[in-house]
Every structure is written in C-alpha cells, then in structure tokens.
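Subject: Model for your review

Hello,

Here is the structure I said I would pass on. My notes on it follow below the entry.

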Amino acid sequence: MVICSDGDGTEGSLVVEQTTDTVDPPHSPTSKHNNSRPYVNPHGSNSHHNNDKTKTLTKYGELVILGYNGFLPPGDRGRRRSKFILYKRSVANGVKRSKHYVVKTPHNSQAVLNVKQHSISYTLSRTQAVIVEYTEDDNTDMFQIGRSSEPPIDFVVMDTYPANDNGPSNESRMAQSTISRFACRILTDRHNPTITRIYAAGFDSSRNIFLGEKATKWQENREIDGLTTNGILIMHPQGQFCGGEAKCGAWREISVGGGVFSLRESRSAQQKGNVVDDEDNILKDGTLIDLCGATLLWRSAEGLSKSPTKHDLEELVDAINAGRPQCPVGLNTLVIPRKTVSDSAQQQPYVYLKCGHVQGYHDWGQEKDKVTRRCPMCLEAGPTVKLCMGIEPAFYVDRGPPTYAFNPCGHMATEKTVKYWEKIAIPHGTNGYIAICPFCAVPLEGSPGYVKLIFQDNVD
Ligand SMILES: [Zn+2]
Ligand SMILES: [Zn+2]
C-alpha cells in the first residue's frame, strides 16, 4: 500500500487545507517567489489592504518538523510539508468523551460501525472490549497528525532522516517507519487558543481508534485509558522559549486520554510509566512532540509574534553580505546563500569548525590524505563545511544577527538559538537522546556543538 502518495486526490478535501494553501503557499525550491516577499503571510506587507481570507483566519500556532530548513526536500505539497499551520476552523470539529460500556466484539458494535460516531475501543481480551463514545464538541477544533494520507490526517508526517544521511531507499523507509499512521490528535479551545491539548492516537476514516489486545491499557476511577505502541512523547521547555533562557525539561508520555506519564523503561515496553500529577498535556510555546521517527516543535501564535520572520532573516543575510566578507586567501568576496545551494561555488563561504574563521574554497592547508584543513588565519587544523543560513524562523529563540553556526553542518543562527538547541535532548533510537541541528537534524559534534563565526569583512 502506498502511504506517502501526494496525488491521491484527497488534497484539499478539508476546508482548512484550502485556506492554508491560500495563505501560506508552499516554498518549494522551484517556486518562483519574489525574494522580498515575507514568509509566513504573503500579504503581510500590505496588511492594510482588504483581504477577506487573511482577515477572518485566526491562527492558533504552528507545528514544525525538526530537520527541515523551510520546506521538505522535494518541496511542500498538500498535507505533506515541513510545517503545518493551525487555523481556527470555520466550523468546530472537536469531540469530547461521553459514555462508555463493555462489549464482547467491538468490531460489530453500533458505535464502531457508525462512521459518523467517534469512538475508541480498548480491547481487553478476545471476548471483552470497552468502547468510549465521543460526541461533538462545539468548543474545540481538532487536528490530526500521522503517517497516513487518509483524509482525517491534517498533517502527514514521515520519518525524518538527517540531511547528510541518504538513509534507506523509499520502499524500505515505508517498511521501517516507526511513526503511527494515526499518531496523535490536537484539540484547541476555540475561545481560548492558549489551551491546546495533545492526545496519543488519531481517529481513522471510520472515526474509530482501536487499541488492540497487546496495547498497554488500564482502568482507574471507572475511566479507561491506554498508550499507543511507540507512544507520543512531549517535552515542555522549562522557562520561556522566546528569549533563549529556557532549559530542556523532562520528556513525558501522553496517553490516549491525554494523561501525563513518566517514560516507559523502553519506548514500546508493556508497563506504563507513573502518573505525573503536576504536569498537563497543554502545549506551550516551544513544546517538542516526539512521534518516534520525527520530532515536531509547537510554536504558539503569541510566541511566533515575537520571533523573526523569514523576511527578517533574509535581511540579516543581506546585511552580512553588504559587509563584503572576503576570503583571506583568494581575496574574493564571499556571499552567504539564502537557500541551501549557492549560486556560485566561487562565492560560497566555508567555516573552519575548530576556530570559526570564514573563508572561500581553496587548497591552502589541505592535509595530506585527510579531510581536515589547516586554517591559514590561526593554523588550527580541523574540518570545514559550507556556511548556510538557518532560514526556518520557528526555530529561532530570539532576533539578532546569525553570528554562530552549528557543528558539523554549518547552519547559521543567533548565538542564543544555537546555544538553546545544543542543550535540547531529542529522543534517538530506543533509549538514547542526542542534540541535533533543528534545520537539518544532523547530530551535533564537538563540545560545544557550535562555533562563533569570524568574518573578515568591512575591509574596504
Ligand atoms: Zn582559524
Ligand atoms: Zn544543520
């Protein structure tokens, strides 16, 4: 079964998608946009003009996949994109828990057969299941995330492989994927968008969620709850994401019913963790959501209003280029590209990752039979990499000049931004954590995992 199909005819079947695409056109590398155009809202520069669509849309926030610098490599398409913007629905589509009861065979029960009725079936044994019915909730909007391209999934997320890693072929990627087809759902209070909650598992095309016999489940105070196979983990940063003072918080697991638990012994262990009473499933600006295969960053609309726009970031690149940084060896002018690929190899700046000196491409200091080079400025030997702007605004914790770069990938960002992400532990494999560059998902190297850039500029 082809799961990643983009052209399956389901695009645009949801009202919110159409408006999303109107307001936020995909920034694929091939799309011909005027460079001076602001990123998030193409109408931002003339917001005083009438535009019915943008006027009526209320933005709740954005979910951004770590590892993409503004768009997916083949370009954003339909519900497959590097980020998903949550807008207030024209009509509420949220659901809330109502009655529950025990049945012998869930697949034959009325609530499950009725495709208009949302329900969750918890299979306890071969002959017993608990069905929880859900009713419409006029006060919430629901958004679903998963690997499936079926219509109920608003944001289709595939496994992320670091940009420098070609990884397995497309076919084996499907087979190996650890992201659930209906991974999680997010419900936002239509009257108070700061209350945006996350729950494990999403409803399928028949509006059902099935937790099989093997899934972890339990019953407490007459309420039943459970965990999905690989689980949905979240991490609320301690402190404000904006400003860069926040620290990495503890990773927690979220249940199907929205409860908060300490992590299981391993990702898919049978035994659930302990209840964490003093924490909740309400997303805050900067909360990370780990789907086991991809990690999403939640940015609230309020938080984003304090962050730079893509246009701001492009202007910062222009400001550095205006200083005409020079290669100390070739004495040619270097130009930092706004996009991943430089137009001119001659002008592409490289950073020496040990010392931070920025130079052009040349053979000076090339060590024999090694990939390392000796820096002609300070004679320190080490690896070099092409410099490239981190252009996805959501990953920035503050505004300012991009004077630092991540090691080893060379993505540039502000000092506070690189220092923040260097301290953020992202789940990796079944038990470990690593720090990654948010723009390309490459594991950071060295200590620290970044370097301060030294340009030779403003020389004339
Ligand atoms: Zn140097
Ligand atoms: Zn990077």
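Strands β1 (residues 59-65) and β2 run antiparallel and are joined by five bridges. Within that pairing, Val64 has Lys83 of β2 as its bridge partner. Five of the five residues of β2 are buried, so the strand is largely enclosed by the rest of the structure. From β2, Lys83, Ile85 and Tyr87 point one way, while Phe84 and Leu86 point the other, and all are buried. In a regular strand, side chains alternate between the two faces of the sheet.

Please keep in mind that this is a predicted model. The mean pLDDT of the protein is 86, with 84% of its residues at 70 or more. Residues 1-50 have a pLDDT below 50, and this stretch has 72 contacts in the model beyond near neighbours in sequence.

Overall make-up

The protein has seven helices and 28 strands. Of its 460 residues, 40% count as buried. For contacts between residues at least 6 apart in sequence, 63% join residues at least 24 apart.

The seven-strand sheet

Strands β1 and β2 belong to an open sheet of seven strands with antiparallel pairing, in the order β2-β1-β17-β16-β13-β14-β15. The edges are β2 (83-87) and β15 (260-261), each with a single partner strand, so one side of each has no neighbour in the sheet. For β2, then, the edge position goes together with burial of five of its five residues.

Elsewhere in this sheet, β13 (residues 232-235) pairs with β16 (residues 288-290) in the antiparallel sense over three bridges. Leu233 stands opposite Asp290 in β16.

The nonpolar core

The largest nonpolar core has 104 residues, and those touching the most other members are Cys184, Ile198, Ile232, Leu296, Val351, Ala405 and Cys437. Strand β5 (residues 128-137) gives this core its largest share, five residues. Both domain 1 (15-306) and domain 2 (310-452) contribute at least three residues to the core. In soluble globular proteins, nonpolar side chains tend to be buried together.

Which residues does Ile232 contact, leaving aside its neighbours within four places in sequence? They are Ala183, Cys184, Ile198, Ala200, Glu253, Ile254, Ile289 and Leu291.

The four-strand sheet

A second open sheet has four strands in the order β23-β25-β24-β28, with mixed pairing. Its edge strands, β23 (388-389) and β28 (450-452), each pair on one side only. Strands β24 (residues 404-406) and β25 (residues 411-413) pair in the antiparallel sense over two bridges, with Tyr404 opposite Ala413 in β25. Helix α7 (residues 415-422) packs on this sheet and touches β24, β25 and β28. The direction of α7 makes about 30° with that of β24.

Backbone points to check

Most residues other than glycine have a negative phi, and most peptide bonds are trans. The following places depart from that pattern.

- Asn407 and Pro408 are joined by a cis peptide bond, with omega about 20°. Pro408 is in the loop between β24 and β25.
- Ser447 and Pro448 are also joined by a cis peptide bond, with omega about 5°. Pro448 is in the loop between β27 (432-434) and β28.
- Arg222, not a glycine, has a positive phi of about 65°. This residue is in the loop between β11 (217-220) and β12 (223-226). Arg222 counts as exposed because it has 6 C-beta neighbours inside 10 Å.
- Ala441, not a glycine, has a positive phi of about 65°. This residue lies in the loop between β27 and β28. Ala441 is buried, with 22 other C-beta atoms within 10 Å.

Where is Thr160? Thr160 is in the loop between β7 (155-156) and α4 (170-176). Is Thr160 buried or exposed? Thr160 is buried, because 23 other C-beta atoms lie within 10 Å and the cut-off for burial is 20 or more. Leaving aside neighbours within four places in sequence, Thr160 is in contact with Ile65, Leu66, Gly67, Gly293, Ala294 and Ala441. One of these, Ala441, has the positive phi listed above, and Ile65 falls in strand β1 (residues 59-65). Thr160 and Thr295 are 135 residues apart in sequence, and 8.2 Å apart in space from C-alpha to C-alpha.

Regards

Terms used. Residues are numbered from 1 along each chain as its sequence is written. Chains are lettered from A and ligands numbered from 1 in the order in which they are written. This is a predicted model: local features need pLDDT of at least 70, side-chain atom pairs count only at pLDDT 80 or more; totals for chains, interfaces and linings use all residues. A residue is buried if 20 or more other C-beta atoms lie within 10 Å of its own, exposed if 12 or fewer, and partly exposed in between; C-beta atoms are placed from the backbone. Two residues are in contact if their C-beta atoms, placed from the backbone, lie within 7 Å. A nonpolar core is a set of buried Ala, Val, Leu, Ile, Met, Phe, Trp, Tyr and Cys residues joined through C-beta atoms within 7 Å. Domain bounds come from an automatic or database domain assignment. Two strands pair if DSSP finds at least two bridges between them. Axes are lines fitted to C-alpha atoms, for helices over the stretch in contact, and angles run from 0 to 180 degrees between N-to-C directions. pLDDT is the predictor's confidence in each residue, from 0 to 100.
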